[in-house]
Amino acid sequence: MSETSKKMSETSKKKSKNNSADLAASRADKKGIGQYILGACLLLYTLFCALPVLLVFIVAFTDEASIRTNGISFFPSAWSLEGMRAVLKYGSRLANSYMVTIFITVVGTLLGLLIMSMYAYAISRPDFRLSKFLSIYLLIPMLFNGGMLSGYLVFCGIYGLKDSLLLLILPLCVSTMNVIILRTYIANSIPAELMEAAKIDGAGEYRTFFQITLPLLKPSLAAVGFMMATAYWNDWQNAMMYISSPEKQPLQMLLVNIQKNLDFLLNNTNVPADAIQAMGGSIPQKSATMATVVVVIAPIMVIYPFFQKYFIKGLTVGSVKG
């Protein structure tokens, strides 16, 4: 009887193992099917996002006569560089606006990252007495905003910064959400034991921040820095309000003026023939409009792949880690 019971127990164990293996295989099959469905959904979403951008590039190099005849299409009947030439005719002004935009983007991003990282470090320290007060103070501009008129009166009337590049840098320098992202990264991803060890070794707050916290903050700084750089690159409202000198106009404001000039030439019947001849005999409205968009978004599209891994890592801080 003992041998029979042993055989029965071994048989039951084998059956249970086979059942568990079958169950695991079925779960793996279901998981594989779910991943295929998720991948297909993400692929469709990517196509929906990418096709409009692709259409912008296609229209920018499409012949204007083809657009008038056949409309906007992914497969134009004729190609042309007239739209891009209409934008590049501004030559030195376009290059100068590029330099201004690059300057305010680089300086504003670096300055903002320095200020916000120091602010985030201060409010992340549990032994800092003013951390709660500064956290509440940080949230006030997020809930209450004085508007553009009050900003114009303060910057131009009180500070006297009219027509200064500082007004293209300072208003976007500090963001509440970016400070919260940096503070969360410091609190969750940088061990407090490192700071305590540095304090025991005699390091002050500045040395602890610049030699320990700041190097470990690189992923979050890259994510926040990319968002700040994009905001600086795409900003045109501050330039429209505060900048009056043509040599200080950023790229976005120059392209707005280019579009206004094209609309003026198209809608005004009293335009001299010399102006039309300078545009090549015709005015490429649609292709020139899309060419201005290409001039704006092309640098960001080139830079983004290099920052993508840092961008994702910095934004997913605080997620559950297994």
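Student: What makes the length of helix 11 close to the one expected?

Tutor: The model is predicted, and the comparison is made on its C-alpha atoms. Helix 11 has 17 residues and spans 24 Å from its first C-alpha to its last. At 1.5 Å a residue, 24 Å is expected.

Student: Why is helix 11 called largely enclosed by the rest of the structure?

Tutor: Twelve of its 17 residues are buried, so helix 11 is described as largely enclosed. Among the buried residues are Pro219, Leu221, Phe226, Met228, Tyr232 and Trp233.

Student: Why is aspartate 163 called buried?

Tutor: Its relative accessible area is 15%, and buried means under 20%, so aspartate 163 qualifies. Aspartate 163 sits in the loop between helix 6 and helix 7 (166–169).

Student: What makes the phi of aspartate 163 worth noting?

Tutor: The phi of aspartate 163 is near 60 degrees, a positive value in a residue other than glycine. Most residues other than glycine have a negative phi.

Student: How do you know which helix supplies the largest share of the lining of the largest pocket?

Tutor: Helix 6 (147–158) supplies six residues, the largest share. Helix 11 (218–234) is also one of the helices that each supply at least two.

Student: How do the residues of that lining divide into nonpolar, polar and charged?

Tutor: The lining has 31 residues: 20 are nonpolar, ten polar and one charged. Pro141, Leu170, Pro171, Leu172 and Val174 lie nearest the centre of the pocket.

Note on methods. Residues are numbered from 1 along each chain as its sequence is written. This is a predicted model: local features need pLDDT of at least 70, side-chain atom pairs count only at pLDDT 80 or more; totals for chains, interfaces and linings use all residues. Side-chain values use heavy atoms; hydrogens and water are left out. On a 1 Å grid over the protein atoms alone, a cavity is a set of points where a 1.4 Å probe fits but cannot get out, and a pocket is an open set with protein on both sides within 12 Å along at least five of seven lines; lining residues have an atom within 4 Å of a point. Helices (H or I, at least four residues) and strands (E, at least two) are DSSP runs, numbered from the N terminus. Ala, Val, Leu, Ile, Met, Phe, Trp, Tyr, Cys and Pro count as nonpolar, Asp, Glu, Lys and Arg as charged, and the others, Gly among them, as polar. The expected span of a helix is 1.5 Å times one less than its number of residues. Buried means under 20% relative accessible area, exposed over 50%, partly exposed in between (1.4 Å probe, protein chains only).
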